[in-house]
Amino acid sequence: MPELSIAPSLLDTAPSPNPALPQWFADCATAGWRTFQALPVPSVKDENWRYSNAKRIDLAAFQRATPAAESAEAEAAAASTGLAETAARFVFVNDQLVSSDTRALPEGVICETLTDALVKHPEAVQQHFMRREAALGSAKFAALHLAHVQAGIVLIVPKNVVVDLPIEVFHWAATPNAAIFPHTLIVAGENAAVTVVDHYRTLGDIPAFSCAVADFVAQPGGSITYAHCQELGAAATALHLSSTSAHRDARVKSFQVQLGAAFSRSESISDLLGENSRSDMISISLPVENQVVDQRTLQHHAAPHTGSDLLYKNALYDTARTIFSGLITVDEGAHYTDAYQTCRNLLNSEDAEANSMPGLEINADQVKCSHGSTSSPVSDDELFYLKARGINDGAARKLIVQGFLEDTLSRLDHEPLRHLIEERVESKLETIAA
């Protein structure tokens, strides 16, 4: 009787270079694998993992995703519903492209899968691909991503081009224990503008691992709006890293929605590199049961007259936990910086736990910088007011949470995208209230 073959875990899977791709990319994958093997798993003593635990990411339990069955691909494609109108749309299942449509893109815009862009525009990709160091604690996992990345999109918008409709991308893990490595690279040229939405999902509550990286480059006067909607199943693990480079007069707005996964960690870095550049970092999370949401951020002001504003809001239930660690740094000479950082936590259970660690490092004069964090239970007075009008406890809490989140959603000035996120949040709150 033939022996059953067992796929090797991520710990034992070296990268397999694609000969059709540039040699520099293969060299990056090899270097990434070596770095991954050389770096230790972060320990609980690592300040960047304070209150968290990197060993929750059990790499031995996952295998690099292989193509899913046709039926699974068809199911995921059918469930990839989001915005009514898009300039382009991609669906990846187990890191394989299942469908794409780029017919509504303006002329001159490069919007390709990562592998196609590497073949057609290798120099443009190389100029921006994973240039920012993973400085917030997950260098080992960034190296693993570099070793195995093959799915995702490259979007380059040329000078003075405005893409009116958003670009939407779905990433699915469709088989148990699959590890996917989505990548998003967005470059907005001078005075260009674009909106992108990434969705991360699983087919059912299967164990899966999403190790994603997103890089945003806004050149002078460029504008990028980006939404990250993480709705992986309850048994999944998510680790998502993003970096922003904003040059003179550029604007980047990043919106995270954390609704799924047993353990999710995000690391977001914004580098304000040119005068009058601005970064807005917004997040909503709704952890339930024993979910853990771990968020680390860096607002780095390297030039004078720059601005950043961070608003993270978490509504926790049951025994869920959140960790927020954010830092604003202002370099020497970055005078007249205007930076804010706010984390608010709403506790719907006595057993929920929110940990917040905001911080400032200021090395310039004439700056306006502030940070703050609050954690509080749902107000008994508010609950009583609603219940006295015949509203049950679950529905009352839902209304209070919706009010709590409203000022984050109002910061999205792209109406269809705001409505989409409101629908996803509403769906999660309905599940919680049931």
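Reply: Strand 9, residues 193-202, is mostly covered, with 10 of its 10 residues buried. This is a predicted model. Both faces of the strand are covered. On one side sit A193, T195, V197, H199 and R201, all buried. On the other are V194, V196, D198, Y200 and T202, buried as well.

Now the pairing. Strand 6, residues 167-173, runs parallel to strand 9, and seven bridges link the two. Within that pairing, T202 of strand 9 is the bridge partner of A173. Strand 11, residues 223-231, is also parallel to strand 9, joined by nine bridges. There, H199 has C229 of strand 11 as its bridge partner.

Next, helix 1. It covers residues 23-38, which makes 16 residues.

Two backbone angles deserve a check. Most residues other than glycine have a negative phi. M130 is not a glycine, yet its phi is positive, about 50 degrees. M130 lies in the loop between helix 4 and helix 5. H305 also has a positive phi, near 60 degrees. H305 is in the loop between strand 16 (292-301) and strand 17 (307-316). Its relative accessibility is 41%, so H305 counts as partly exposed.

Note on methods. Residues are numbered from 1 along each chain as its sequence is written. This is a predicted model: local features need pLDDT of at least 70, side-chain atom pairs count only at pLDDT 80 or more; totals for chains, interfaces and linings use all residues. Side-chain values use heavy atoms; hydrogens and water are left out. Helices (H or I, at least four residues) and strands (E, at least two) are DSSP runs, numbered from the N terminus. The expected span of a helix is 1.5 Å times one less than its number of residues. Buried means under 20% relative accessible area, exposed over 50%, partly exposed in between (1.4 Å probe, protein chains only). Two strands pair if DSSP finds at least two bridges between them.
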